[in-house]
Amino acid sequence: MVRRTKVSTGKAHELSNALPRCFENGVSLPLKYQKLLVYFVDDVLASLSCHPSIHEDLRMGLVPVMLHSPQLMSACLALSAAGFLSREILEVEGVEIRRILSHLQTSGLALLRSALDSGERTETLLATCLIWCLTDVFTYRQGISSWQIHLQGIGALMDGSEAHRDFATPSGSFRSAMRHLYQLYLSLQTLPHIPTVKRLGNSAQLCVRASQNFEWTSITSPEIDGFLGYSNELLDVLQQIDQLSRSVSGNEAQSISEADILLNKVQGMISRDTRSPRDISICTLLSPEYNREFALCHQTFQQATLIHLYRKLYHHPSGSQSIQAAVRSIEEMVGNMIQGQPCHTWVAMAMPLFTLGCEAFTKKQQAFTMDKIKKLEDCIGSLHVKCIRQALEDIWKVRENLGDREGTLCAGQLLGRYCIEDLRSRLIVWCS
């Protein structure tokens, strides 16, 4: 159900202007950090938001807490520095961004470890872990990822089935921001890369534990989530497809039967949503423009989920009628979306665009996808989008070298057999 409250952009603007110039102990906040704070509040959080009200939730919820938490402050400043770096801004106030980022990573992660070692258990620390995860995504430090370390931090916060009962339970703006951050944590699973299953197996368990102990797991619902841009029930199906594709079973008939069940489920969702558009979970009255954008975003994820299903469970070639029908649907919907702008659903489009590119075997399809990837890069300003672009170029090169101009190969073969080592070296983020 859409809740009808007005977005107070004035308050958010006032918050930006009221950012501190000194620490709580009276020490002056260096100008370089002041600029990073403003960039974080006004730009980085906008690049994570599908709608201005989400941006406001994050600003009004995170910033006041961040100003009283050295751990969270360090993580947010590091994410801001990563955003500068991805925009090819190499220095601020005469200091190299890489030096600033390195210092923040050293000092900030030490603060986080100290808090965890002391036994502190707060949602603020969980937020800190999530922001550090996102910083890894934005910086794409080749060969160096603290993703698993942050997951272990989240696991430590969740340790013990009763631990969450001792946590502070904030209300109001911070609680809203935390809900969005948890959805962010889930959405990281749909960012495109080749998963290293054995190494990341425990991460999935930590994610489940986090959702159970904080009681944030949404009941699977057809409602479109205002942060994700698609429904939680669709995320659930993506995870089921991934799990089924990874399972090792000698019973092929049973695997096909389970795939058929999922296929019918997705097709049923698409048919249902065509007849009756979904409500959008967002705390503001949406304009017709945004209603349309959320519907298109959700539908592109549905079609991308179909492609994942056909590719992973049925091993259909890229040129098959089933996959190409979904490709044409995505191309049509993407072409009708507002592209390349923050605070629009375009910020959520990494997975559908990468899925589209994996199935592209003609120059026309590849050019279309690359144009949209460029607009995603302009919108988000994250180095992981450059990784997506490079990965697609590598996949297309492999397809060309194999002489596949008709889409006779399954994209899963290209991803799984020919490019996996190269892609692993390029892409850090875990997804289905």
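Tyr230 is buried, as is Phe301, and in this predicted model the two residues form a stacked aromatic pair, with 4.0 Å from centre to centre and 20 degrees between the planes. Because Tyr230 lies in the loop between strand 3 (224-225) and helix 10 (232-246) while Phe301 belongs to helix 12, the pair ties together parts that are 71 residues apart in sequence.

**Aromatic pairs**
- The structure holds three aromatic pairs, and one of them, formed by Tyr39 and Phe84, is tilted, with the centres 4.4 Å apart and the planes at 55 degrees.
- This pair links distant parts of the chain, since Tyr39 is in helix 2 and Phe84 is in helix 4, 45 residues apart.
- Tyr39 and Phe84 are both buried.

**Thr305 in helix 12**
- Thr305 lies in helix 12, which spans residues 288-312, and it counts as buried because its relative accessibility is 0%.
- The side chain of Thr305 reaches the backbone oxygen of Phe301 at 2.7 Å, and Phe301 is the residue that stacks with Tyr230.
- When neighbours within four places in sequence are left aside, Thr305 is in contact with Leu234, Val237, Leu238, Ile241 and Val266.

**Packing of helix 2 and helix 5**
- Helix 2 (residues 31-44) packs with helix 5 (residues 97-117) at an angle of about 85 degrees, and their axes are 12 Å apart, which means that helix 2 is roughly perpendicular to helix 5.
- On the helix 2 side the contact involves Lys32, Tyr33 and Leu36, which meet Ile100, His103 and Leu104 of helix 5.
- Sorted by class, the residues in this contact of helix 2 with helix 5 are four nonpolar, one polar and one charged.

- Glu88, found in the loop between helix 4 (70-86) and strand 1 (91-92), has a phi near 65 degrees, a positive value in a residue other than glycine.
- With a relative accessibility of 62%, Glu88 counts as exposed.
- Cys343, placed in the loop between helix 13 (321-335) and helix 14 (350-358), likewise has a positive phi, of about 60 degrees, although it is not a glycine.
- Cys343 has a relative accessibility of 12% and therefore counts as buried, whereas Glu88 counts as exposed.

Conventions. Residues are numbered from 1 along each chain as its sequence is written. This is a predicted model: local features need pLDDT of at least 70, side-chain atom pairs count only at pLDDT 80 or more; totals for chains, interfaces and linings use all residues. Side-chain values use heavy atoms; hydrogens and water are left out. Axes are lines fitted to C-alpha atoms, for helices over the stretch in contact, and angles run from 0 to 180 degrees between N-to-C directions. Helices (H or I, at least four residues) and strands (E, at least two) are DSSP runs, numbered from the N terminus. Angles under 35 degrees count as roughly parallel, over 145 as roughly antiparallel, 65 to 115 as roughly perpendicular and the rest as oblique. Contact means heavy atoms within 4.5 Å. Ala, Val, Leu, Ile, Met, Phe, Trp, Tyr, Cys and Pro count as nonpolar, Asp, Glu, Lys and Arg as charged, and the others, Gly among them, as polar. Buried means under 20% relative accessible area, exposed over 50%, partly exposed in between (1.4 Å probe, protein chains only). A polar contact is a pair of N or O atoms within 3.5 Å; within protein, one must be able to donate a hydrogen and the other to accept it, and residues adjacent in sequence count only if both atoms are side-chain atoms. Rings of Phe, Tyr and Trp (its six-membered ring) pair if their centres lie within 6.5 Å; planes under 30 degrees apart count as stacked, over 60 as edge-to-face and the rest as tilted.
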